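The exercises below are meant to be worked through with the model open beside the text. Each one sets a task and then follows the solution step by step.

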Amino acid sequence: MPALACCVDAAVAPPGYVAFVAGDSSLPAAVPFSFSSTTTVAANSNSTHWSPAHSSNLYRIDRWGAPYFSVNNSGNITVRPYGTDTLAHQEIDLLKIVKKVSDPKSVGGLGLQLPLIVRLPDVLKNRLESLQSAFEFAIQAQGYESHYQGVYPVKCNQDRFVVEDIVKFGAPFRFGLEAGSKPELLLAMSCLCKGNPEALLVCNGFKDAEYISLALLARKLALNTVIVLEQEEEVDLIVDISNKLLVRPVIGVRAKLRTKHSGHFGSTSGEKGKFGLTTTQILRVVKKLHDAGMLDCFQLLHFHIGSQIPSTALLQDGVGEAAQIYSELVRLGANMKVIDIGGGLGIDYDGSKSGNSDLSVSYSLEEYASAVVNAIRFVCDRKSIKHPIICSESGRAIVSHHSILIFDAMSATAPTTPAINQINLPFLISGLSEEARADYSNFSDAAMRNDNETCLLYADQLKQRCVEQFKEGTLGIEQLAAVDGLCDLVSKVIGASEPVRTYHVNLSIFTSIPDFWSIGQIFPIVPIHRLDERPEVRGILSDLTCDSDGKIDKFIGGETSLPLHELDGNGGAGSGTANGRYYLGMFLGGAYEEALGGVHNLFGGPSVVRVSQSDGPHSFAVTRAVPGPSCGDVLRVMQHEPELMFETLKHRAEEFCGQDHGNDGANAALASSLARSFHNMPYLVAGYSCSLTAMNNNGFYYCNGEDYNAAVETGASEDEQWSYCCA
């Protein structure tokens, strides 16, 4: 008998179906959930054994995560801090980090609140060393007669400890920094005072007299500074100011190449790109420097094809064109020493190894370096030009892997599809208009014939007619809900739509993953534990903001939903190893996301911890822990004054709540609760009561009974009360 016959009423049902329509639930259940073809997983969790290897394949962890992330036998994601050189006992379990960081201090934790950024300096060091090794191997293999000397563009992540780590880790091979604004230049100057004296300080971006003066001062401070011209008129300022300051500058120029990167990240490349000088403008710069007696200061050629260069073919084309310009500048008498190939070294966000996607690249570090060295060497050898120092401004490829964003799912929408015995069909039909009854009759006939397409058509038509009846006031909300349930059931039985749940996550996408909202950048998002269990549902992620764009509904592999595990009734994971909470991680987001994030809905940044590999029992040590911005902190960003706000609210509370009771202890507890609200992070706290929990005590509100009793006993002073927010 057709599966959809269960949806017809007793009047038209054949013998044997009457009992079902009346409420008998003994017939077979609806078709169970199954994953899409791209991530095939059996629906019955007991039909086959599920292992961490299955999850690794499902989420592509071994592809986008190699060589730094994998899944252990416990089903948790682990970090391999030294890449392929990591030994088994050196792997770090991410869930153990989260537990250490989020557990209360009373049980040995750090008491930090999620969301959380986990920084891994060992991974950062390995990325730097891997990039350096790739170029050194290519240089040696091809007989290149100069060296590689990279710089890190601080715009990718300006965090103090990230930049300081890069300078420290890069010192043995003269790794430098690139700045694109005055504050970035100040940052770079300060950090490079502790770096290798030969490390380059490349000054990019649009410049005014103050920027140029600052860069020349850096040269006076014995920093290896290069001022790169982005606009032709900047050369006049450099000549004038350097003469006044008696500083001999080192000058570079950014060239607009004809080679253009066609992807999203190539919008600044080509002849009509935002930055750089045309060949005509470069020739005028050469003449101006010659006339000023400063042509020997012209030592660097810079260009940038665009971020996430997809293939080495495009890379070689651009580098080859730039090498031709470089050789011509040598011919014109410039004292050329360095060719700066800019950024563009991409990473594989989805593990596809594709050269036709903004989310992937079709080459390895070694292939990238080999292509660059080969293109420059070929042109220079043909023109009998001395091989230049090769500089690159790789940012995304250096910092993306070392930072992981961890957040938890607070709740999930429950399945809304009812069973057929939960739908009162006679009650539904009794309220239908004549046209809607005809739709139902046609729908029933199609169900008996197992004509799925026609059945869906009439079910949708029935629903639309019922909506119109409801708007007109001739159909009750119970009957409208019944037809909604019937149509959902039809879709589920036929398999026309896969049930997708919404997981509400403790996060602001606008703050922590702004590139997803703004440009559709997709990052790998994976549960960091329970990967030894089969994920039974699919879901999208909805954040805490009051904004319809605050959701993630696109994932790697072209998926519009993510395989996820069931939460328990309290919104947790039902797993003792994670205290009943369900943790997700966003990976490869170490570049740009923190710098671009805003304070939409006044949600600030996450807490941050710095974790290094250690020989201790858990293979890691937390070397730095910083709580995320408090409510008071983000209010200050928008020019509010939390201290004055607190005083206003405290006086208001005394005026309307405290005068009639004369309870100084209660007033102190109320002030304490208000102060705590300013001090706490804006994000939700799992497993805790609201900051102002109702107490049956003269109508006051306190954090909880302990806070009330403590405040009454101590009678905290105003300074002590406000110390909650100022700490």
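## Exercise 1: An annotated cysteine

Locate the residue that the UniProt annotation "active site" covers, and decide whether that residue is buried or exposed.

The annotation "active site", which comes from an unreviewed UniProt entry, covers Cys546; UniProt positions are given in the numbering used here, feature names are shortened, and annotations may be inferred rather than shown by experiment. Before going further, note that this is a predicted model, in which local features need pLDDT of at least 70 and side-chain atom pairs count only at pLDDT 80 or more, while totals for chains, interfaces and linings use all residues. Residues are numbered from 1 along each chain as its sequence is written, and side-chain values use heavy atoms, with hydrogens and water left out.

The last step is the accessibility, for which buried means under 20% relative accessible area, exposed over 50%, and partly exposed in between (1.4 Å probe, protein chains only). Cys546 has a relative accessible area of 71% and is therefore exposed.

## Exercise 2: The annotated lysine and its loop

Lys155 counts as partly exposed because its relative accessibility is 43%. Leaving aside neighbours within four places in sequence, Lys155 is in contact (heavy atoms within 4.5 Å) with Glu184, Tyr592 and Ala595.

Gln158 is also placed in the loop between E5 and H6, and with a relative accessible area of 30% Gln158 is partly exposed. Not counting residues up to four places away in sequence, Gln158 touches Val163, Glu184, Leu187 and Ala595. Although Gln158 and Ala591 are 433 residues apart in sequence, their C-alpha atoms are 9.5 Å apart in space.

Glu184, a contact of Lys155, belongs to helix H7 (residues 182-192), where Glu184, Leu185, Ala188, Met189, Cys191 and Leu192 are buried. The cover over the buried residues of H7 includes helix H6 (160-170), strand E6 (176-179), strand E7 (200-203) and helix H8 (209-220).

## Exercise 3: A sheet and some backbone details

Give the strand order of the open sheet formed by 3 strands, and name its edge strands.

The order is E1-E2-E3, with antiparallel pairing; two strands pair if DSSP finds at least two bridges between them. The edge strands, each pairing on one side only, are strand E1 (69-71) and strand E3 (92-93). Strand E2 (residues 77-79) is joined to E3 by 2 bridges, and the bridge partner of Val79 in E3 is Ile92.

Then examine the backbone: which residue pairs does a cis peptide bond join?

Most residues other than glycine have a negative phi, and most peptide bonds are trans. A cis peptide bond joins Ala66 and Pro67, with omega about 0°, and Pro67 has its place in the loop between helix H3 (61-64) and E1. A cis peptide bond also joins Leu114 and Pro115, with omega about 5°. As for phi, Ala222 has a positive value of about 65° although it is not a glycine, and Ala222 counts as exposed at 58% relative accessibility.

Notes:
Helix = DSSP H or I, 4+ residues; strand = E, 2+ residues; numbered from the N terminus.
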